[in-house]
Amino acid sequence: MLVLVAPGQGAQTPGFLTPWLELPGARGALEAWSEAVQLDLVRYGTEGDAEEIRDTAVAQPLLVAAGLASAYMLFDDPAELPLKVGAIAGHSVGELTAAALAGVLPDEETVRLVRARGLAMAEAAAITETGMSALLGGDPEVSVAHLEKLGLTPANINGAGQIVAAGTMEQLAALNEDKPEGVRKVVPLKVAGAFHTHHMGPAVEKLAEAAKELVPGDPRLTYVSNKDGKAVATGTEVLERLVGQVANPVRWDLCMETFKELGVTALIEVCPGGTLTGLAKRALPGVKTLALKTPDDLDAARELIAEHA
């Protein structure tokens with residue numbers, strides 16, 4: 001059984017879109033989505049420097065557009081995707097990529113919604129100086145309890161022992177001085193704010209407003225939500241969760257548990273892949289994994305699909 005996953009913010013690197021634009025149809029799709037959101041995704045994905053593409057309002061639509069474009073190149077006909085992929089999920093903003101690929105929203109509506117999401121989250125992050133830090137090592141239960149004692153939120157519980165804390169810069173400084181037992185190191189992340197925490201409350205309101213006029217369809221394949229790792233069967237609930245997850249922790253550990261229960265045998269991560277396949281290698285032993293980093297990975301991915309669809 002094949003699972004398709006989409007990465008979240010932080011997976012982007014300068015110039016990562018360049019080789020993909022050489023493939024038939026890619027540039028046209030990216031230009032159409034750029035027009036839809038009034039943002040030059042082609043330029044940002046090929047010429048934007050690390051600081052430019054770290055901007056939340058840019059990074060999010062860029063990641064979703066890249067994920068969609070690369071996923072469609074896996075199949076001769078995009079209509080094959082729900083027939084050959086057993087389950088789909090995305091990490092944080094990657095959930096919007098997954099929703100589009102599952103048929104919940106049309107691509108253009110999805111990139112518009114993610115543009116609104118990125119702008120709203122950037123505005124919310126500007127209200128208070130906040131950030132995120134990754135914990136290396138330690139027992140997850142001990143770490144979560146320690147974070148809550150410091151007033152921090154375990155914003156990403158990613159499985160394979162990986163937890164990301166989020167909160168004010170003062171709280172993160174306290175964490176650096178008072179690490180949970182067993183944690184070797186606390187590494188500050190290059191993000192604009194405390195995503196997936198109560199600090200993003202204002203962004204939830206704006207995203208809800210942007211989503212109000214959308215009419216979602218039901219997923220055409222098993223859609224696994226990173227709110228709680230559960231499969232969601234209706235488009236209405238998927239959309240509700242997409243709005244709320246901006247201020248809720250990402251439970252990627254529970255998503256991987258669900259993949260295991262579903263009988264996953266192979267996992268492909270769409271462009272810019274790498275992060276989620278790394279987690280899967282540690283948490284899902286025996287499952288074949290492949291990350292779409294460049295078009296050179298497409299042939300191997302298609303072979304994996306042929307074996308596990």
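**Entry 1: strand E3**

I began at Gly137, which stands opposite Val183 in strand E6. The model is predicted: local features need pLDDT of at least 70, side-chain atom pairs count only at pLDDT 80 or more, and totals for chains, interfaces and linings use all residues. I number residues from 1 along each chain as its sequence is written, and side-chain values use heavy atoms, with hydrogens and water left out.

E3 covers residues 130–137 and E6 covers residues 183–188. I take strands (E, at least two residues) and helices (H or I, at least four) as DSSP runs, numbered from the N terminus. Five bridges join E3 to E6, and the two run antiparallel. I call two strands paired if DSSP finds at least two bridges between them.

I then looked for another partner of E3. Six bridges join E3 to E5, again antiparallel. In this pairing I found Ala134 opposite Val164 of E5.

Is E3 enclosed or open? Six of its eight residues are buried, so E3 is largely enclosed by the rest of the structure. Buried means under 20% relative accessible area, exposed over 50%, and partly exposed in between (1.4 Å probe, protein chains only).

**Entry 2**

Next I followed E5, residues 162–168, to its pairing with E4. Five bridges join E4 and E5, which run antiparallel. Thr153 has Ala166 of E5 as its bridge partner. E4 and E5 form a hairpin with two residues between them. I checked the turn: Ala160 there has a positive phi of about 55°.

How many residues of E4 are buried? Seven of its seven are, across residues 153–159. I noted the general rule that side chains in a regular strand alternate between the two faces of the sheet.

**Entry 3: the whole protein**

I counted 14 helices and 10 strands. Of the 309 residues, 55% count as buried. The C-alpha atoms fill a box of roughly 55 × 45 × 35 Å along the principal axes.

I compared the radius of gyration with the globule rule. A compact globule of 309 residues would have a value near 19 Å; the protein has 18 Å, which agrees. The radius is taken over C-alpha atoms, and the rule is 2.2 Å times the number of residues to the power 0.38.

I looked at contacts last (heavy atoms within 4.5 Å). Residues 24 or more positions apart account for 73% of the contacts with a separation of 6 or more.
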